[in-house]
Amino acid sequence: MSDQLRERIFQELESITLIDPHTHINPHAAASTTLADIMGYHYYTELAHSAGMPREHIEEPGISPKEKVGRLVEGLAHLDNTIQLSWLLDICREFFGFEGETIDAGNWEALYDSSQQKMAEEDWEDQVLRHSRLEKVFLTNDFDDPLEGFDTDRYIPCLRTDDLVFHLGKASTRQRLEKATGIDVGDAASVVLACGKLFDHFVRNGARACAISIPPDFSPAPVTTGTVDPLIQRLAGGDELAAEEAATVSRFVFWTLAEFCSEYKLPFDLMIGVNRAVYPSGVYQGQDLFDKRVSLIQYRELFNAFPKVTFPISVLGQTSNHELVSYAWIFPNVVTNGHWWYSNIPTYIEQDTRSRLEAVPRNKQIGYYSDMYKLEFALPKFRMYRRVLAGVLAGDFVQGRGWSESRAIQFGQQLLRGNVERIFGVN
Amino acid sequence: MSDQLRERIFQELESITLIDPHTHINPHAAASTTLADIMGYHYYTELAHSAGMPREHIEEPGISPKEKVGRLVEGLAHLDNTIQLSWLLDICREFFGFEGETIDAGNWEALYDSSQQKMAEEDWEDQVLRHSRLEKVFLTNDFDDPLEGFDTDRYIPCLRTDDLVFHLGKASTRQRLEKATGIDVGDAASVVLACGKLFDHFVRNGARACAISIPPDFSPAPVTTGTVDPLIQRLAGGDELAAEEAATVSRFVFWTLAEFCSEYKLPFDLMIGVNRAVYPSGVYQGQDLFDKRVSLIQYRELFNAFPKVTFPISVLGQTSNHELVSYAWIFPNVVTNGHWWYSNIPTYIEQDTRSRLEAVPRNKQIGYYSDMYKLEFALPKFRMYRRVLAGVLAGDFVQGRGWSESRAIQFGQQLLRGNVERIFGVN
Amino acid sequence: MSDQLRERIFQELESITLIDPHTHINPHAAASTTLADIMGYHYYTELAHSAGMPREHIEEPGISPKEKVGRLVEGLAHLDNTIQLSWLLDICREFFGFEGETIDAGNWEALYDSSQQKMAEEDWEDQVLRHSRLEKVFLTNDFDDPLEGFDTDRYIPCLRTDDLVFHLGKASTRQRLEKATGIDVGDAASVVLACGKLFDHFVRNGARACAISIPPDFSPAPVTTGTVDPLIQRLAGGDELAAEEAATVSRFVFWTLAEFCSEYKLPFDLMIGVNRAVYPSGVYQGQDLFDKRVSLIQYRELFNAFPKVTFPISVLGQTSNHELVSYAWIFPNVVTNGHWWYSNIPTYIEQDTRSRLEAVPRNKQIGYYSDMYKLEFALPKFRMYRRVLAGVLAGDFVQGRGWSESRAIQFGQQLLRGNVERIFGVN
């Protein structure tokens, strides 16, 4: 395809003002204050660790942010091929005027200092948002988050429910739930009541989605009160449940959440396929992997039972994309959602984007979310996606199917912004 | 690769006269009479439904063909990115002189009327075949089809066996079987006898293949008469079988069919991996999906047991293609067959074609079949395939390996026509 | 991407002197003596068989090498599209001055005779190594190989352990083990002792890796002596074990090998996913296939238990590549290793290479190994890889990310040579 065509479309896509529909931003500290906030992103620590740096060296307690950055820089040469490192360079170039080809022993300190100065500017957060053309940012809030002290119009709450579904067996989860809702969980009915209170609290505070990440072996299904009541009572009494019993409780809570999503008209973001702590000696947040032997057929009953709930679906393994395309092509309530984690690299984004653009109705695709922990990452991550998207629009649509450039760009706008507005009800 | 080279090869491939080795054409009404026949193809109804149109709106009983088209047109804007909609536009342009960029509220009625006039011409069916360079068309016939009243040289019968294998437990299937063969199914021997009669009937009427679509969890295996006899007797006595018992009957019937394929020298088309009615509230024919956790290792015993039977294999999930390439590379009786349903989009056709052309002997590949219900679809669907094929031949063979253009085109001819002739014994 | 850029990078990659980190070379007869040695490679016999030639014709006992080649040539026309046939042509052109477009009835005898003369030259082996820029070659040695009579600096021993892990139940394996180590295997302790002797023997003779190929359903796990002792005692007493018992023995031996890899600091090459003798009527070495339903999660416990052992991992199915990329990105001891067997075709090499180069630290990737049985194959196989690699470096790195050509070439050198030296400790 013509490079100029692709570049023109890319520039148009770059000019779109974004709503980022899934991040891990802390709204009380959304932007970074030092390079350690940026390089502390698990991608850099886990890749540096994978490339040979001991975890103890990376995560030594008490080291200063600058010391931490200095240590990580020692390992960067082994990672300079990764797309993740290209995000870091993009940030340093765009926000801090960095001009080197690599960050290394010879230049990192100057970069550290100049970036720290920049980030100390009073309006740094606003600068980042503005420069990144980022208007609104979805959060990932613990179920007991008070949702206070920040602008919920800019930072949109999202009820994250992993703990409720998969860790209700822990006393600490039940205590947090009691503290948040005033309800002491002792049976199925009290779980339903408590969840209802959470939805009420979140929706009153502007939440636009419920979300959860799910291991590959989980299959949602309804559970009767009669089945789950004795299990929850045993939990409340301090018992530990066997694995299959705990899975029954998980299914019950999950199904309850879906019912509330239906009642409160909240989309339910499903992030399917992660096994937690596969590598327990890994760095913080660098321990999870997956088992590709998962199928969306496991969600058949759920998708049928909740026709009014929109399920934006992210899949962790690239080999799950074809199922996602096909399920979104058939089920009205299944929507493709971004490119998640291990699938979030250009090679796989390209394949997944091509197939989605070709076979899923255009109003059922959420192009991208950043998944970021610090605001500075929206720019390079969305840019990576927009570059791939521009190539697909240029090659498959303008050249392959004779679309006009403006028509292709409109399609891109819908994927990047329009669908986010409509599906989550924000604008 | 050079665009001109690709275009030249594409034009050569377009000039090939085709035999379409798998369709759902009704030979008594092969061509369309209104645009509703064309837009009633499940791709359009299911995508429109998926994009938000209620099933009741699409499938309301008693609405006229024109009303149906009008309603579907309301939903087309959400689908205009899909490759399936590009087939529709291709049909309207090629056959009805349509010149718009999209079919919409402003132009559909004129299109409807002019196309209806065109389709009313007496020789419409012949026009479509001629314009599409389509010489012969394989059918999908119910096992109790009388195969009368049509030209079996043009419309080649194919014995479809899903009902026999997976629904012999239904009284209605056994009644149809008795009516077709005069044999009352009461034990294993009578099943064998009845199947033999079907093969005899089909082969005498020019059938060139036996075919079946298979769910992901099915594994063919031989079953002894002693095992299956009591089960069939119970069926005949009106009993319902448990799931595992029904699977035993399925395996018995399937194996019996393979034995007759061997005896009658019929290829046995296996279409592997579909789960039926995953979404029972979907539109007609828009309810099936798949579970990618299927492997061709499930067919190991079958492929070994029937070395004389050719098995043209279609896989539903794209992640099954590498297994298919590898099994066709090793087993003399395994042949790659087209690009089926959810895998029938250019992104996946391209990947699958590249790998097959690179690793499967050239005489063991059936390039494409249309799977169409109405004749008008052969043209755009084969064209989509030929475009992809032209790109692969130009890029990987002419440019990548220094082949001459004519050599590449000959290879394309073999994939599109030569292998169909030889494998199914038609020409 | 620009063709000139790709070609320049390719030429630079071609100039790199190689260490081939995995082959099946017989160091006592490393090079071929006739074209039958070359065309007897299982790729040609199995593809000719798959395309229609009877096994008995290909493998008839007592036929001369020339007769064998003549017979295979009859079947080559059906394979001329395969990448494997392009290797053969490359060999004939590079080493024997062949100038035809295809090898056929009209030219094969002249080729046979001229090539035989060439291969009869006294220094043929050295010529091949020199012309292929091949410096060192890893072997695949049976555990009871005396490792004598060849230059272990050029031909580097590698302890292959399939027999020990999966066939200790055979009396013949235990007899070979006793003969090689002097230890009569009667319980768990004696197995450990014997394995220790093997490692000692191999490491003293310059071995640089332990290796094994593994079926898809195997999951490594530690086994206590108390569990395995009675099983091994029963084996020693002549009993046959049930499948699950045999799997327990396999797990025990496997874990023992991993412990010795840790002690002797040997990388443990895992080649994951092959089912043996799926097609027992196939030609020699053309009977194995795979079940894609395998996951690296099966190796979770192993990777955690042996942080000091480097595991270069090859996967047989292309759908396993994303897991491999992700596990290598997280686990410090997991390394990506080449493109194995059914995945060793350009379409899949390209996808796998792109994703690895983008997401795995650059010091954790072994670009390629030839897997060859005869020295002549290193040249065309590595060339195929280098062509793909040049395309990825040119497109994704120089054009896509603005890398300089020399930086891209250095990366290629690391993948092709540098990492092999460091990971296996050779240079």
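The legends below describe close-up views of a predicted model. In this predicted model, local features need pLDDT of at least 70, side-chain atom pairs count only at pLDDT 80 or more, and totals for chains, interfaces and linings use all residues. Residues are numbered from 1 along each chain as its sequence is written, chains are lettered from A and ligands numbered from 1 in the order in which they are written, and side-chain values use heavy atoms, with hydrogens and water left out.

View 1. Most residues other than glycine have a negative phi. Gln285(A) lies in the loop between β7 (274-275) and β8 (289-290) of chain A; strands are DSSP runs of E with at least two residues, helices are runs of H or I with at least four, and both are numbered from the N terminus. The relative accessible area of Gln285(A) is 26%, and this residue is therefore partly exposed. On this scale, buried means under 20% relative accessible area, exposed means over 50%, and partly exposed lies in between (1.4 Å probe, protein chains only). With a relative accessible area of 3%, Leu147(B) is buried.

**View 2. Leu270(B) in the largest nonpolar core.** A nonpolar core is a set of buried Ala, Val, Leu, Ile, Met, Phe, Trp, Tyr and Cys residues joined through side-chain atoms within 4.5 Å. The largest such core has 447 residues, of which Leu270(A), Leu270(B) and Leu270(C) touch the most other members. Leaving aside residues up to four places away in sequence, the residues that Leu270(B) touches include Ile212(B), Phe254(B), Tyr299(B) and Phe311(B); contact means heavy atoms within 4.5 Å.

**View 3. The surroundings of Thr161(B).** Thr161(B) occupies the loop between β4 (158-160) and α9 (162-166) of chain B. Its relative accessible area is 0%, so Thr161(B) is buried. Residues up to four places away in sequence not being counted, Thr161(B) touches Cys210(B), Ala211(B), Ile212(B), Leu257(B) and Phe268(B).

**View 4. Helix α5 (residues 65-75) of chain A and its cover.** The buried residues of this helix are Val69(A), Gly70(A), Arg71(A), Leu72(A), Val73(A) and Gly75(A). Among the elements covering them are α2 (35-39), α3 (42-50), α4 (55-58) and α7 (108-119) of chain A.

**View 5. An open sheet of 3 strands in chain C.** The strand order is β1-β2-β3, with parallel pairing; two strands pair if DSSP finds at least two bridges between them. The edge strands β1 (18-20) and β3 (155-156) of chain C each pair on one side only. Strand β2 (residues 134-138) of chain C is joined to β3(C) by 2 bridges. Phe138(C) stands opposite Ile156(C) in β3(C).

**View 6. The contact between chain A and chain C.** Chain A gives 43 residues to this contact and chain C gives 39 residues. Ser50(A), Asn81(A) and Lys292(A) supply 19% of the area that chain A buries against chain C, more than any other three residues. Together the two chains bury about 3300 Å², 54% of it on carbon and sulfur atoms; buried area is the accessible area (1.4 Å probe) that two parts lose on being put together, summed over both. There are 4 salt bridges between chain A and chain C, a salt bridge being a side-chain nitrogen of Lys or Arg within 4 Å of a carboxyl oxygen of Asp or Glu. Arg407(C) forms a salt bridge with Glu101(A), with 3.8 Å between the closest N and O atoms.
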